[in-house]
Amino acid sequence: MMMRARALRAAKIAAPINAAILLALGSPAFAQDAANSTVSAADTAWMIVATALVLMMTIPGLALFYSGMVRKKNVLATMAQSLTAVAIVSILWVTFGYSLAFVGDGPWLGSLDRWFLAGLTMDSINPAAKTIPEALFMLYQMTFAIITVALVAGSVADRMRFSAYVLFSIGWFIFAYVPLAHWVWGGGFLASTGVLDFAGGLVVHLSAGVSGLVAAKVMGNRHGYGHDNLSPFDLSLAVMGTGLLWVGWFGFNGGSALAANSRAVMAITATHLAACAGALTWGGIEWATRRKPSVLGMISGAVAGLGTITPASGYVAPWHGVIIGIIAGLVCYWACTWLKHRFKYDDSLDVFGVHGIGGLTGTLLAGVFAASAICGTSGLLEGNPKQLLIQLYGVAVTLVWCGGITFVLLKLVSAFVPLRVSVQQELEGLDITQHGEALQ
């Protein structure tokens, strides 16, 4: 009897201890899942921040950058395009875009296994990002799709009808962005070929740039282009937008490491140095040729440096960022001045000259400067000229696909709604004619 009493007392004492242990560890199954999980708290925290930074690049970053360079009567319409891109692309991405781009390993497209995020749970992990939740990887890639669609609008600012912009954005996202993202980042045929694009030289900048050029040619020049005063309304807005883009680019390029690691830091360092070098180079050219470095020129040079380093940022050393930034300032300045005037196209906000030429140049330079010690792949400078040819192949595919898709989509959209506003509406401004409101 005495032994039984002692056993009962021991059980009573042990009960709360056992309960505490169970509360701390959870159920045996949960504890086992947690032990087997590869999710890193540090990587997850960094990628949440990076996702927020890249979303900030579109709203308010790109919205301010673009709207500061148009005329006062088109400021709200320009901002509306960026805002609309966020809303439309986010819904389409969750519906099918993410699944087709990043789920499945087909050479041309993924699968619809994640249609409406079907099967995505709290424990899901995408093989492309094994240390963060799949939901976070999905959101991060969503922000890239958003800003790419929004970028294209800069080429046709001041004249595109809002309804046409909405239809075109939907089609371009489906037929241009999603396939290209899969080809380069989702295990498609360009990835299998060995094309290097760390954070979007092809997928974001060149695709948007060449599409913007085609759109500008198809829609024609703005009324008064070449002889009327089309100067920016408020460059202070553009400077603020540049600052937000610059900081956001740390998440854009640094986040593309998909982990809180040294490679992310190296990418951020190269990115910052490229932006600095691009701004100084563009401003220096203007200082030498026009005796005055313009604010518009310096922010254009910074964005050119940022866009050009993007595809190479995770493959090169920081000092390469300085060289790439200088090249970006030179080449993009040439594209936005001589090339644009030579072929007389009205790329309103120089999407092709800055992002298109920058993305093309940076993609090729990734094949020149890629360092095996950083990314495991050697570039031209390390004795691997084949990589430069592979990069050139990726550029050619992007130019042909995105340019062709853009032309076809614009023709299809024009069969349903006019692509551009009337001359009278253009003179009145898109704010009032497309949205019924205007700045006072």
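## Helix 4 against helix 5

In this predicted model, helix 4 (residues 75-102) and helix 5 cross at roughly 130°, and their axes come within 8 Å. Axes here are lines fitted to C-alpha atoms, for helices over the stretch in contact, with angles running from 0 to 180 degrees between N-to-C directions. Helices are DSSP runs (H or I, at least four residues), numbered from the N terminus. So helix 4 sits oblique to helix 5; the cut-offs are under 35 degrees for roughly parallel, over 145 for roughly antiparallel, 65 to 115 for roughly perpendicular, and oblique for the rest. The crossing is right-handed, i.e. the near helix is turned clockwise from the far one by less than a right angle, with anticlockwise being left-handed.

On the helix 4 side, the contact (heavy atoms within 4.5 Å) includes Val-89, Trp-93 and Phe-102. Helix 5 brings in residues including Glu-134, Ala-145 and Val-149. By class, that's 14 nonpolar, three polar and one charged, where Ala, Val, Leu, Ile, Met, Phe, Trp, Tyr, Cys and Pro count as nonpolar, Asp, Glu, Lys and Arg as charged, and the others, Gly among them, as polar.

## Helix 3 against helix 9

Helix 3 (residues 41-67) and helix 9 (residues 235-254) pack with axes 7 Å apart, at an angle of about 155°. That makes the two helices roughly antiparallel. Helix 3 passes helix 9 in a left-handed crossing, and their contact has 19 nonpolar residues, seven polar and no charged.

## The nonpolar core

The largest nonpolar core runs to 121 residues. For the bookkeeping, a core is a set of buried Ala, Val, Leu, Ile, Met, Phe, Trp, Tyr and Cys residues joined through side-chain atoms within 4.5 Å, and buried means under 20% relative accessible area (exposed is over 50%, partly exposed in between; 1.4 Å probe, protein chains only). Helix 5 (residues 134-152) gives the most to this core, at 13 residues.

Phe-65, Trp-93, Phe-173, Tyr-177 and Phe-252 have the most contacts inside the core. Setting aside residues up to four places away in sequence, Phe-173 touches Val-89, Trp-93, Ala-145 and Val-149, among others.

## Tyr-345 in its loop

Tyr-345 lies in the loop between helix 12 (318-343) and helix 13 (351-369). It's buried, at 5% relative accessible area. Its C-alpha is 6.2 Å from that of Lys-217, 128 residues apart along the chain. Beyond neighbours within four places in sequence, Tyr-345 is in contact with residues including Leu-213, Lys-217, Tyr-225 and Phe-352.

## Ground rules

Residues are numbered from 1 along each chain as its sequence is written, and side-chain values use heavy atoms, leaving out hydrogens and water. Local features need pLDDT of at least 70 and side-chain atom pairs count only at pLDDT 80 or more, while totals for chains, interfaces and linings use all residues.
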